[in-house]
Amino acid sequence: QLTLVESGGGLVQSGGSLRLSCVTTTFSLYFYSITWFRQAPGMEREGVSFISYHDGSVTKHADSVKVRFTISRDNAKNAVYLQMNNLTPEDTDVYYCNAYTFNDDYWGQGTQVTVSS
């Protein structure tokens with residue numbers, strides 16, 4: 001049984017920042033690539049930011065969050081982070097962490113991000 005936990009969501013004013021974490025204590029994320037997704041009620045889940053496994057040398061971001069969001073990983077802490085700056089109400093969503101290898105694919109339960117005007 002895998003346990004993948006997102007945290008760091010909350011309520012922030014427009015223009016503020018949040019830092020999301022994706023962490024597990026039941027297995028190592030070293031060999032897992034990570035994509036952060038987000039989903040609003042009634043909408044499709046969309047990919048936000050990606051980081052490759054191991055050293056995280058490859059990162060990608062959706063155009064809507066490029067230059068505002070930064071994804072990183074700390075293998076020593078078995079964690080992946082999403083730094084979100086200059087947030088707007090359009091960023092209000094549930095954010096999910098998706099960790100995967102060639103043979104595994106696991107989703108966390110999500111963390112709510114709400115950005116007020």
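Visitor: Where is His54 found?
Guide: His54 sits in the loop between β5 (46-51) and β6 (59-61). Strands here are DSSP runs of E with at least two residues, helices are runs of H or I with at least four, and both are numbered from the N terminus.

Visitor: What kind of model is this?
Guide: This is a predicted model, in which local features need pLDDT of at least 70, side-chain atom pairs count only at pLDDT 80 or more, and totals for chains, interfaces and linings use all residues. Residues are numbered from 1 along each chain as its sequence is written, and side-chain values use heavy atoms, with hydrogens and water left out.

Visitor: Why is His54 called partly exposed?
Guide: Its relative accessible area is 33%. Buried means under 20%, exposed means over 50%, and partly exposed lies in between, using a 1.4 Å probe and protein chains only. The 33% of His54 falls in between, so His54 is partly exposed.

Visitor: What makes the phi of His54 worth a look?
Guide: His54 has a positive phi of about 65°, yet it is not a glycine. Most residues other than glycine have a negative phi. Val67 also has a positive phi, near 75°, and is not a glycine. Val67 lies in the loop between β6 and β7 (69-74). At 80% relative accessibility, Val67 is over the 50% mark, so it counts as exposed.

Visitor: How do you know whether Thr24 is buried or exposed?
Guide: Thr24 has 3% relative accessibility. That is under 20%, so Thr24 is buried. It lies in the loop between β3 (18-23) and β4 (33-39).

Visitor: What makes the pair Thr24 and Thr26 a polar contact?
Guide: Their side chains meet at 3.1 Å. A polar contact is a pair of N or O atoms within 3.5 Å; within protein, one must be able to donate a hydrogen and the other to accept it, and residues adjacent in sequence count only if both atoms are side-chain atoms.

Visitor: Which residues is Pro89 in contact with, leaving aside its neighbours within four places in sequence?
Guide: They are Ser14, Val115, Ser116 and Ser117. Contact means heavy atoms within 4.5 Å. Pro89 lies in the loop between β8 (79-84) and β9 (93-100).

Visitor: What makes a group of residues a nonpolar core?
Guide: It is a set of buried Ala, Val, Leu, Ile, Met, Phe, Trp, Tyr and Cys residues, joined through side-chain atoms within 4.5 Å. The largest one has 25 residues, and Ile34, Trp36, Phe69, Leu82, Met84 and Tyr95 touch the most other members. The elements giving two or more residues to this core are β3, β4, β5, β7, β8, β9 and β11 (111-116). In soluble globular proteins, nonpolar side chains tend to be buried together.

Visitor: Why is the pair Arg38 and Glu46 called a salt bridge?
Guide: A salt bridge is a side-chain nitrogen of Lys or Arg within 4 Å of a carboxyl oxygen of Asp or Glu. The closest N and O atoms of Arg38 and Glu46 are 2.9 Å apart. Arg38 is buried at 5% relative accessibility, while Glu46 is partly exposed at 36%.

Visitor: How many salt bridges does the structure hold?
Guide: It holds 5. Another pair is Asp63 and Lys66, at 3.1 Å from N to O. Asp91 and Arg68 also pair, with N and O atoms 2.8 Å apart. Asp91 is in the loop between β8 and β9 and Arg68 in the loop between β6 and β7, so this pair ties together parts 23 residues apart in sequence. Arg38, Glu46, Arg68, Asp91 and Asp93 are linked in a network of salt bridges.

Visitor: How do you know that Cys22 and Cys97 form a disulfide?
Guide: Their sulfur atoms are 1.9 Å apart. A disulfide is a pair of cysteine sulfur atoms within 2.5 Å. The 1.9 Å distance is within that limit, so Cys22 and Cys97 qualify. The count comes to 1 disulfide.

Visitor: What makes this disulfide left-handed?
Guide: The torsion about the S-S bond of Cys22 and Cys97 is about -80°, so the disulfide is left-handed. Cys22 lies in strand β3 and Cys97 in strand β9, so the pair ties together parts 75 residues apart in sequence. Cys22 is buried at 0% relative accessibility. Cys97 is buried, with a relative accessible area of 0%.
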